[in-house]
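Colleague: I am new to this structure. Please take one part and walk me through it closely, along with what surrounds it.

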Amino acid sequence: MSERVPVLKIGEVLLVSIQVDLEDQTVLDLQDDLAERIVATGASGVVIDITAVEIVDSFVGRMLATTAAISRMLDAETVVVGMRPAVAITLVELGLSLGGVRTALSLEKGLEMLGRPSDGRRAVRP
């Protein structure tokens, strides 16, 4: 039985913090859980925190791109946060540009990108 990745709600944003090894079934469960939570909550954004991810391969890169595409189809923008330099280098070397996936260095910056400042104030969009 695979571990489930928790999907937490912070206002209008869902937070996915990946703290486990990403096996095939774990990823499929995460994508199903996230899609259901987006629809159930009407979330406008998704933050995927990969701070704990030290090693990536093409599977992890495709998972991030696919998960972001699923969220986009359900009208929720996705930001991947906490990418380590070695992870970024590996993804580029594998030829995975993660097209359509926005990134930020920290959770705070990711929330700000989605229009929710980390200090709790609502961002004003031009």
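Modeller: Take helix α2 and begin with its length. At 1.5 Å a residue, its 16 residues should span 22 Å, and the end C-alpha atoms are 22 Å apart, so the two agree. Keep in mind that this is a predicted model.

Next, burial. The buried residues of α2 are V60, G61, M63, L64, T67, A68 and S71. Seen down the helix axis, these buried residues fall within an arc of 160°, so they line one face of α2. An α-helix has 3.6 residues a turn, so residues three or four places apart point the same way.

What lies over that face? The cover on the buried residues of α2 includes α1, β3, β4 and α3.

Two of those elements are also joined to each other. Strand β3 (residues 45–49) pairs with β4 in the parallel sense, over five bridges. D49 stands opposite V81 in β4. Between these strands, the chain passes through α2 (residues 58–73), and this β-α-β crossover is right-handed.

Strand β4 (residues 77–81) is mostly covered, with four of its five residues buried. β4 also pairs with strand β5 (residues 102–104), again in the parallel sense, over three bridges. There, V81 has A104 as its bridge partner. From β4 to β5 the chain crosses through helix α3 (residues 85–93), and this β-α-β crossover is right-handed.

Now the core. The largest nonpolar core has 28 residues. L64 is among those with the most contacts inside it, along with V16, I18, V46, I48 and I50. The elements giving two or more residues to this core are β2, α1, β3, α2 and α3. Another core lies apart from it, with eight residues, among them V13, L15, V79 and V81.

V46 shows how many parts meet here. Leaving aside neighbours within four places in sequence, V46 contacts residues including L34, I38, S71, V79 and L114. S71 is one of the buried residues of α2.

Finally, look at L22. This residue sits in the loop between β2 (13–17) and α1 (24–41). Is L22 buried or exposed? With 17% relative accessibility, L22 counts as buried, because the cut-off is under 20%. Not counting residues up to four places away in sequence, L22 touches V27, F59, V60 and M63. V60 and M63 are on the list of buried residues in α2.

Definitions and conventions. Residues numbered from 1 in each chain as written. Predicted model: local features only at pLDDT ≥ 70, side-chain atom pairs only at ≥ 80, totals over all residues. Heavy atoms only, no water. Buried < 20%, exposed > 50% of the residue type's maximum accessible area, 1.4 Å probe, protein only. Pairing = 2+ DSSP bridges. Right-handed = clockwise from strand over helix to strand, strands pointing away. Contact = heavy atoms within 4.5 Å. Core = buried A, V, L, I, M, F, W, Y, C linked by side-chain atoms within 4.5 Å. Expected span 1.5 Å × (residues − 1). Arc of directions from axis to C-beta.
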